[in-house]
Structures are given as C-alpha cells and as structure tokens.
Amino acid sequence: MLRVLAVDDEKPALEELLYLLRADSRIRSAEGATDATEALRRIGRALDAGPDGEDAIDVVFLDIHMAGLTGLDVARLLAGFARPPLIVFVTAHEGFAVQAFDLKAVDYVLKPVRRERLAEAVRRVRDLAGASREPQRPDATAAPAHVQPGAAVPAVPNSGGAEQIPVELGGVTRFVPVDDITYVEAQGDYARLHTAAGSHLVRIPLSALEERWASRGFVRIHRSHLVALGRIDELRLDAGTTTVRVGDAELAVSRRHARQLRDLLLRHARG
C-alpha cells in the first residue's frame with residue numbers, strides 16, 4: 001500500500017485530491033502540503049527515515065503552478081537524490097507535459113481530477129513501486145534497456161497481430177493498442193495519444209503518425225489533430241465552422257480538411 005504526499009497551494013483543490021486518494025484502498029496514508037517548502041521539508045524527513053521509516057513517502061502528487069517554487073522546481077531538486085519518491089503531476093495546465101515526463105514523472109493528471117483518471121495514476125504508481133521492490137529478472141517481452149522515456153520507438157504487433165505502440169512512464173514500458181487510440185494531439189516534436197482510459201505522450205511527430213496510420217483509418221483534421229475515423233461520434237457545421245466530437249472531446253476541423261473529412265465520413269457510413 002502506498003504512502004502519499006499531495007502538494008497544492010489551493011486548499012480546496014488539495015482537500016479534494018486528498019479525499020479521492022484516501023478513498024482508494026491501495027493508499028495506506030495520504031497527507032497534504034500547501035507549498036513547496038513544506039513539501040520539501042516532509043520529503044527530507046522521509047528520505048532520512050528510509051523506505052521503512054515512519055515518515056516514508058512512496059509518491060508525491062504535485063501541482064505545478066504554486067507560489068514560490070513550482071512543482072517542476074521540486075521535481076528537479078528531488079532528481080538529485082539517490083532514491084526519491086515517485087512523482088505524479090496534477091495540474092490544470094497541459095503545456096508542461098513534455099517537461100514533466102523529461103523529469104521522469106509517472107503520470108500527468110489534468111484538473112479537474114476525475115476519480116477514474118486518478119485511479120489509473122495510482123495503479124501506475126503501485127505497479128512501478130512494486131516492480132522496484134522485486135528482484136530484476138530478464139524478460140523476453142520487455143522493451144530494450146536502451147529505450148528512453150518518451151523516445152520515438154516503432155509500433156509492434158502483439159501475439160494476436162494487432163498493432164501496439166510502446167509508451168514510457170517513469171521508466172516502465174506499456175504497450176497501447178493502436179485500435180484503442182481515439183485521436184492524437186500534436187505537442188511540438190511529441191504527440192499525445194488519447195484513449196478512453198487516458199493519454200500518453202510519445203516522442204513522435206504527428207506527421208509521422210499520420211503517414212504510418214493512414215491505412216488504419218486515421219485522418220488529419222487539423223494541423224494539431226489526427227483522428228480515428230471510426231471514433232468520430234458527431235460532425236457539426238455551425239456558421240462556417242466545422243467540429244467533430246470524439247468521446248468527450250470536441251475538436252476543430254480546419255477548412256482545408258473539412259471537405260475531405262465529410263467525404264470520408266460519408267464513404268465510411270455507406271461502407
């Protein structure tokens with residue numbers, strides 16, 4: 001069971017996060033800190049106590065925008081320790097995902113925090129924490145040791161022949177079936193893969209995925225988005241603006257792609 005420190009300088013947000021964490025049966029304890037200085041003090045005591053000490057902390061759920069030191073600053077400081085706690089960023093801002101994963105964050109959870117999304121983050125932390133406590137054994141199915149978090153890696157078929165793409169979170173490689181991906185969002189030289197269960201950041205340009213997955217029904221609808229045609233629930237035309245709904249997301253369609261998308265959707269529906 002996990003020992004958690006949650007850090008947020010907005011008290012209502014911190015109390016809500018602590019409430020959700022304490023309701024999870026995989027959490028042994030969840031304490032809060034309202035600023036980075038207090039958090040670092042508690043983490044220092046935990047590191048001094050060791051992993052079996054009374055003040056030990058397994059994971060820090062960390063806001064990014066805080067007065068004084070930011071969550072990213074805290075993560076950089078912790079990176080200098082031999083055995084720091086794991087980090088999950090919890091933030092209202094999407095734009096820091098690349099920096100977060102470069103700092104080897106286990107996960108990146110957007111506010112407002114959904115119970116299901118937080119539960120997935122806890123699962124990832126528990127899996128990683130459990131793996132670190134077990135003896136390392138060779139595994140023929142594991143990703144090569146030279147693959148770095150967020151590195152561009154090729155998709156691979158699983159035993160059933162369905163294509164999967166490896167994603168890295170905190171040093172753990174997971175394989176996401178391409179058929180589970182609803183849409184892809186460009187983030188600089190990275191791409192964020194969205195599924196019904198969450199999202200994953202990979203160091204692959206959107207243009208490369210567009211070319212690779214064209215035969216799998218993925219279409220470009222905007223310079224920032226690639227969408228699985230079969231996952232589009234609704235096409236909406238409103239005052240010259242075109243949007244599509246994919247699950248809970250509403251995505252803009254650029255004018256240059258709108259006509260082609262309408263034609264593809266019609267052919268898809270007839271087929």
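1. A polar contact is taken here as a pair of N or O atoms within 3.5 Å, where one must be able to donate a hydrogen and the other to accept it. In this predicted model, Asp35 caps the N-terminal end of α2 in that sense, with a side-chain oxygen lying 3.1 Å from the backbone nitrogen of Thr37.

2. Helix α2 itself covers residues 36-49, and its 14 residues reach 20 Å from the first C-alpha to the last, close to the 20 Å expected at 1.5 Å a residue. Just after the helix, Gly50 takes a positive phi of about 85 degrees.

3. The residues of α2 that count as buried are Ala36, Glu38, Ala39, Ile43 and Ala46. Seen down the axis of α2, they fall within an arc of 160 degrees, so they line one face of the helix. These buried residues pack against the strands β1 (2-7), β2 (27-33) and β3 (59-62), and also against helix α3 (71-78).

4. Elsewhere, Asp180 lies in the loop between β8 (172-177) and β9 (181-187), and it counts as partly exposed because its relative accessibility is 39%. Leaving aside residues up to four places away in sequence, Asp180 touches His194, Thr195, Ala196 and Arg231. Asp180 and Ala228, which are 48 residues apart in sequence, are 9.5 Å apart in space from C-alpha to C-alpha.

5. For the protein as a whole, there are seven helices and 16 strands, and 45% of the 271 residues count as buried. Among contacts with a separation of 6 or more, 53% are accounted for by residues 24 or more positions apart.

Methods: Residues numbered from 1 in each chain as written. Predicted model: local features only at pLDDT ≥ 70, side-chain atom pairs only at ≥ 80, totals over all residues. Heavy atoms only, no water. Helix = DSSP H or I, 4+ residues; strand = E, 2+ residues; numbered from the N terminus. Buried < 20%, exposed > 50% of the residue type's maximum accessible area, 1.4 Å probe, protein only. Contact = heavy atoms within 4.5 Å. Expected span 1.5 Å × (residues − 1). Arc of directions from axis to C-beta.
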